[in-house]
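Visitor: Please put the model up, and then I will ask about its strands, helices and ligands.

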Amino acid sequence: MTPTQTRTLRLGEFHSFEGGGRQFLYLVPAGAIFELDTPVATLISLLSEGPATPEELIGKLTERDFAFDDAMELVQEMFRARVIVASDAKPEPLESPPDDFPLQSLVMNLTNQCNLSCQYCYEFGDDKVATPEGKPKFMDLATAMASVNFLLDQSSGRKAVHITFFGGETLMNFPLLEQVVKYANQRAREQGRTIDFSLTTNATLLTPAIIEFLSENRIGVTVSMDGPPDLHDKLRVFANGKGSYNLIAPRVKALIQGHRTRPITARVTLTNGVTDVVRIFRHLKQDLGFHEVGFAPVTTSPDRLYAINERGMDGVLAEFQVLAEEYLEYALRGEMHGFSNVSDTIAELYQGVNKSHPCGAALGLMGVGPSGDIAPCHRFVDSDTHSLGNIATGLDRAKQADFLNRGHINSKYDCHTCWARPLCAGGCHHEAFVRYGDTGHPNLHYCDWIRDWTDTCLRIYGAISAQNPGFLEQFAERKALN
Ligand code: SF4
Ligand code: SF4
């Protein structure tokens with residue numbers, strides 16, 4: 001359809017924002033960013049008064065000194081870009097990924113045992129979904145090898161795949177990790193493919209030999225750490241209640257110094273009383289030397305003592321915004337800042353993502369537990385309710401389809417008019433289950449927060465693209481986004 005074939009036109013679905021002194025539109029159905037120049041701004045202001053026929057619009061534009069041909073071309077171009085649409089246009093549903101969508105990443109929970117007792121842990125805390133009773137506590141070599149084969153079999157068409165080692169505490173099963181790296185590299189080589197690795201650890205068991213192995217094998221490391229001792233030790237404790245900071249701090253420093261091949265990331269869980277984002281960031285980045293620091297508010301029922309209430313989340317947003325402005329200053333100087341909550345969103349904006357599902361769970365990403373049970377992601381590992389089959393017997397396609405159908409944005413009616421949906425798509429399936437008892441329920445408790453944060457990231461993106469677009473190119477190259 002062309003604009004002249006429609007009776008009336010109205011504004012399409014977009015979110016306006018300002019960045020670096022310029023105006024932009026975030027075009028929702030396309031997940032794309034569009035800079036607003038004077039002609040487009042004029043067209044939008046005309047249609048803000050209400051729907052108009054193409055003839056009326058072109059007439060009003062020519063009254064504002066547009067040549068007839070320019071006015072016509074502008075209306076046509078904006079119609080193609082979906083900045084303006086037919087008044088009776090219906091939103092187009094997003095297509096589902098194909099049934100045989102190839103796997104890209106496998107999270108292998110090498111053990112469900114942990115030497116810490118962090119009170120907010122989704123694996124062991126009050127909100128746990130795992131049912132590990134009667135199942136193996138440590139993965140064995142046969143299950144691990146079958147898991148690697150599963151990843152390679154289910155990822156056909158992909159040249160490069162990824163394994164993340166996870167726990168429990170991953171390093172409690174380090175001997176198996178070493179064997180898996182050897183076996184997976186050999187299998188990938190036989191197929192002319194590449195495989196890379198990462199792991200998440202609480203850092204308590206790091207030794208110089210382990211650090212050497214991680215560095216030699218280019219294994220990316222994320223350390224779960226919540227900041228300086230007074231904050232970290234609030235909840236990241238041993239079973240006797242003693243904090244773990246003093247044990248891990250020297251090990252973390254040795255890791256950052258000794259691991260020469262990949263950046264080291266800290267992952268901070270924010271809880272009630274542990275929300276000093278800027279102070280935590282400074283400590284982890286400047287005092288300890290992490291390359292990247294990412295923050296995640298605890299996923300839990302709101303009545304837990306360590307849950308952050310609405311006021312606390314407002315404080316978190318304000319602190320995020322301080323670091324986001326700092327991120328922008330760095331980017332304008334061509335430097336990386338290290339606040340991964342901004343870089344993750346910038347990466348998605350750069351790629352123009354328009355998600356059918358909030359994340360890769362049960363799509364490009366799956367988890368596998370010590371028993372070989374397959375899960376949508378690491379957070380559902382060992383949960384009978386959410387199992388998608390077993391490595392020994394194969395993927396249960398019907399269960400996978402059910403999980404994906406319920407999590408699809410088309411099923412989340414509350415999200416259909418939300419401008420943040422191309423990035424959010426309803427939020428984490430695990431959080432949805434903990435909060436609402438349904439992995440497909442949108443996480444409606446944090447919509448305002450998500451929209452405010454997304455708007456902040458859009459402003460940062462707009463300012464960078466206006467004032468130092470070269471940074472985005474370098475950023476994309478570093479993150480291999482192209
Ligand atoms: S969960 Fe909320 S913020 Fe996210 S897409 Fe749905 S309505 Fe928007
Ligand atoms: S379901 Fe939640 S925890 Fe699992 S991969 Fe998705 S966002 Fe992450």
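The questions below go through pairing, packing and ligand shells.

Visitor: What kind of model is this, and at what pLDDT do side-chain atom pairs count?
Guide: Residues are numbered from 1 along each chain as its sequence is written, and chains are lettered from A and ligands numbered from 1 in the order in which they are written. This is a predicted model, in which local features need pLDDT of at least 70, totals for chains, interfaces and linings use all residues, and side-chain atom pairs count only at pLDDT 80 or more.

Visitor: How do β2 and β3 run, and how many bridges join them?
Guide: Strands are DSSP runs of E of at least two residues, and helices are runs of H or I of at least four, numbered from the N terminus. Two strands pair if DSSP finds at least two bridges between them. Strands β2 (residues 14-19) and β3 (residues 22-27) run antiparallel, and the bridges that join them number 6.

Visitor: Which residue takes a positive phi in the hairpin of β2 and β3?
Guide: S16 in β2 stands opposite L25 in β3. The hairpin has 2 residues between the strands, and the positive phi, near 60 degrees, belongs to G20.

Visitor: Which are the edge strands of the open sheet of 8 strands?
Guide: The order is β11-β10-β9-β8-β7-β6-β12-β13, with mixed pairing. Each edge strand pairs on one side only, and the two are β11 (292-297) and β13 (374-375).

Visitor: At what angle to β6 does helix α4 run?
Guide: Within the sheet, β6 (residues 105-109) is parallel to β7 (residues 160-166), with 5 bridges. Helix α4 (residues 141-153) lies across β6, β7 and β12 (365-368). Axes are lines fitted to C-alpha atoms, for helices over the stretch in contact, and angles run from 0 to 180 degrees between N-to-C directions. By that convention α4 is at about 165 degrees to β6.

Visitor: Which residues of α8 meet α6?
Guide: The axes of α6 (residues 208-216) and α8 (residues 245-258) come within 10 Å and cross at roughly 35 degrees. Residues are in contact if their C-beta atoms, placed from the backbone, lie within 7 Å. From α6 come P208, I211, E212 and S215, and from α8 come A254, L255 and G258.

Visitor: Which element gives the most to the shell around ligand 1?
Guide: A residue is near a molecule if its C-beta atom, placed from the backbone, lies within 6 Å of it. Of the 14 residues around ligand 1, C415, C418, R421, C424 and C447 come nearest. Two or more residues each come from α13 (421-424) and α15 (447-467). The largest contribution, 3 residues, is from α15.

Visitor: Which residues are around ligand 2?
Guide: The shell around ligand 2 comprises P358, C359, A361, C377, R379, C428, H429 and H430.

Methods:
Contact = placed C-beta atoms within 7 Å.
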